[in-house]
Amino acid sequence: MSLLERIDQPADLRRLSESDLVALATEIRGLLVEKVFQTGGHLGPNLGVVELTLALHRVFDSPKDRIVWDTGHQAYVHKILTGRRDGFDRLRKQGGLSGYPSRAESEHDLIENSHASVALSYADGLARGHELRGEHDRSVVAVVGDGALTGGMPWEALNNIGGAPERPMVVVLNDNTRSYAPTIGGLAAHLAALRDGRGGFSVFENLGLTYLGPVDGHDIPSLESALRRARMLRRPVLVHVVTQKGRGFDAAERDELDAFHAVKPMDPQAAAPRPVEAPSPDASWTSVFGQELVRLGESNPEIVAITAAMAEPTGLLGFAKRFPDRFIDVGIAEQHAVAAATGLATGGLHPVVAIYATFLNRAFDQVLMDAALHRSPVTFVLDRAGVTGDDGASHNGMWDLSILQVVPGLRIAAPRDGSRLRELLAEAVDITDGPTLLRYSKGAVGPDLPAVGTIDGIDILRRSGPLDVLIVGAGAMAATAVEVADRLAAHGIGATVADPRWLLPVNPGMADLAIRHRLVVTIEDNSRASGVGSAIAQLLRDADVHTPVRDFGLPRSFLPHGKRDDLLSQYGLTAQDISRAVVEQIADLAEGNEVNEPVAELTAAAKQERTTKDERSTRYPHSSRADAHGGEAA
Ligand SMILES: Cc1ncc(C[n+]2csc(CCOP(=O)(O)OP(=O)(O)O)c2C)c(N)n1
C-alpha cells in the first residue's frame, strides 16, 4: 500500500515520520503529473505547494481551523489530502471534481470564486466572526501567492488585519516569484530583497503584522516550525514562504513561459519547456487578436497594450516583444488597468486593455466612471467571453453584455469570425470619442462567415425563403444562427440572419429589419437577463415594432463545470434545439401576421424611407407574444 493510500483525511498525516513525509510528497507529485496531464488543469502551482500543504494540514486542524486559498487553483494537493484523491480521474469534467475548492465537495473548502486576491478579506471576516462568537480555539490561515498580492484587495485586507493586533491571523505568502509570468512591480522587488535578507523592515511589519521568514517552502520541518510559531503568537502574522513553481517536474521547472501554470491534456513525456516567446496556438480567437494588434501597432504609435498579469493567455506576447515600450503588465490589478488606461488615454494614447471577460467584472466601476464618463478612447478586448466551461462558474464570461450595456457611450462589438475580429479591432482603435469593447469566445475561431449583403451597417449572412424569422447571433453564436436558418429552410420557414457587428447599443436599423419579419430570434452565450435579446426587444418596443422577440441565452444561474459544447447543449443553445422551438413558435403565431414582403425586396425596402411609427402600429397590431420571453433556457 502506498503512503498516499493511507491518507484519507488530514489527521492521517500526523502519524507520519519526517522521511515518510518526503516520500509522500514524491507520491503526490507523481499523482499530480499523471492525472493533470490526463484531464488538463493547473499543474505548476500545485507542484510548488506540496510541502506547504502537507505542513499546513499537520499544524492546523481543518476544518475547525479555517484554511482559505487565494484564487484556489493551487488547492489540488489540499483536495488530495482531504479525501478526494480518487476524484482526479474526473478533474474538471462535468460531474467530476472541480478545478477549484468547492463547498459541495468538502467541508475543508470555503472559497470557490477563483478570482484572485480575495482570500485575505475572507480571512479577516472569518477571524472577526470567531472573535464575535467567542470561538477562540480556532485559527484562520490565508494562503496567498505573490501574484495575487499584486491586486488591490489584499492591501485593503492587510490594512484591516494589521490594525487589529489582538486578533489572531496567519497569512501565508506563497512566494514563487511568478504569476503566470514573473511577478512585476515594486512589491516583487521588495519580496526579492526580503528573500535575499536585504529587505530591512518588511512592508508587512510596517502595517502591523509580525513577519516570519523567509522560509524554505520545500522543507517540511522548517515550514512546520514557522507555522506553529505563527499560531502561537496569537496576533496577525505573515509567514513568507519561498517555493518553486513546477517543483519536481523538470520540464515545468525549466519552462520560462509560465512554469506549466496550466496544462492541456497530453502525454507528460512529451511536455517540454517553452521559451517566453512561445507563440499562441494558431487559429484561436486569441492569436488572431494578438497578430492583428501587432499589425495595427506598426502604423499607429498611439496603441499601448495593457494586461493584468496575463500577457500570454490574452495573446499579447507578440506585441510585448515587438513594442516593449508600449506594453504594460500591471499585475493582477484589473481595476488599476482600466483606470490607468483612462489616464493613458487622457495623455493622448489609445490603450487596448486585454482581459478575460470574467475578470473585467471586477473593474466595472472603472469602465463606467473612468473610461466612459471621461469618454476616453480606450479599447477593451474581452477574451473567454461566453461559456468557457472547464473552470466552472467563476470563469464563464456570461455577464459582460448584461452589465456593460448600461455604460453610456460604450460601443460593444462581438466579432463572428476571424476576419470580423480584425476589422472591428481596426475600427475600435480608430474611434477617438469614447471607449470601445470587443468580446469573443475561448478556443478555436471557426471559418469565416461572409456577408451576402449589408443593410444599415448590419451584415446579412443568410436570406432564405419568405420573411418569417430574423435571427441575430451574438459573436460566435452567428454560426449557430446560420445553422438555425438552414434548419428552418428545411421546414419551409424563411429566415434572415443578421449580424450587426457593433452589437450594443443596438443599431436602430434592427427595427426596420424586425418589422419585416414575423419573429425575431436572438442567440447569445451571455445571460438572458439583460442580454442582447432584451436590448433588441427594448429597441423594438421604443420603435413601436411589435414583432415578437424570442431570446435564447443562458439562464441567470451559475453554470457547473464541463465542456463548452455540453453546457451549450444543456442550456438549449444548439441549432437543433433553437430551430425546434422556432418551428413551434412560428406555428403558434397569429394567422393574420403573414409574410410581409417578397424576399428580393428586402434590401430595396431597407433603403426606402423609414416607416413612420404610426404606419408601423397600424400595419402590425400588437401581438400577444410581443417581447415574448420563453422560460429560462435551462
Ligand atoms: C481577478 C483575477 N485575475 C486574473 C486571474 C487569472 N490568474 C489565475 S492564477 C494567476 C496567477 C496567480 O499568481 P500567484 O498568486 O502568485 O499564484 P501561483 O500560480 O504563482 O501559485 C492569475 C493571473 C484570476 N484568477 N483572477
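Residues are numbered from 1 along each chain as its sequence is written. Because the model is predicted, local features need pLDDT of at least 70 and side-chain atom pairs count only at pLDDT 80 or more, while totals for chains, interfaces and linings use all residues.

The protein chain is divided into domain 1 (4-263), domain 2 (285-439) and domain 3 (453-619). These bounds come from an automatic or database domain assignment. The C-alpha centres of domain 2 and domain 3 lie 28 Å apart. At their interface, 24 residues of domain 2 are in contact with 28 residues of domain 3. Two residues are in contact if their C-beta atoms, placed from the backbone, lie within 7 Å. On the domain 2 side, the elements that give two or more residues are α16 (400-404), β12 (411-413) and α17 (418-430). Helices (H or I, at least four residues) and strands (E, at least two) are DSSP runs, numbered from the N terminus. By class, this side of domain 2 has 10 nonpolar, 7 polar and 7 charged residues. Here Ala, Val, Leu, Ile, Met, Phe, Trp, Tyr, Cys and Pro count as nonpolar, Asp, Glu, Lys and Arg as charged, and the others, Gly among them, as polar.

The ligand is surrounded by 25 residues. A residue belongs to this set if its C-beta atom, placed from the backbone, lies within 6 Å of the molecule. The closest are Pro45, Ala116, Gly145, Gly147 and Ala148. The shell comprises 9 nonpolar, 11 polar and 5 charged residues. Domain 1 and domain 2 each supply at least three residues to the shell.

Two helix pairs involve α3. Packed helices are described by the angle between their axes and the distance between the axes. Axes are lines fitted to C-alpha atoms, for helices over the stretch in contact, and angles run from 0 to 180 degrees between N-to-C directions. Helix α3 (residues 50-59) and helix α9 (residues 220-233) have axes that come within 9 Å and cross at roughly 45 degrees. Helix α3 is therefore oblique to α9. Angles under 35 degrees count as roughly parallel, over 145 as roughly antiparallel, 65 to 115 as roughly perpendicular and the rest as oblique. The crossing of α3 with α9 is right-handed. A crossing is left-handed if the near helix is turned anticlockwise from the far one by less than a right angle, and right-handed if clockwise. From α3, the contact residues are Glu51, Leu52, Leu54, Ala55, Leu56, Arg58 and Val59. From α9, they are Ile220, Leu223, Glu224, Leu227, Arg228 and Arg231. This contact has 8 nonpolar, no polar and 5 charged residues.

Helix α1 (residues 18-39) packs on α3 at an angle of about 125 degrees, with the axes 10 Å apart. The two helices are therefore oblique to each other. Helix α1 also passes α3 in a right-handed crossing. Leu21, Leu24, Ala25, Ile28 and Arg29 of α1 meet Val50, Glu51 and Leu54 of α3. The residues of this contact divide into 6 nonpolar, no polar and 2 charged.

Backbone features complete the description. The Ser62 to Pro63 peptide bond is cis, with omega near 10 degrees. Pro63 lies in the loop between α3 and β2 (66-69). The Gly213 to Pro214 bond is also cis, with omega near 0 degrees. Pro214 sits in strand β5 (residues 210-216). Arg234 is not a glycine, yet has a positive phi of about 50 degrees. Arg234 is found in the loop between α9 and β6 (236-242).
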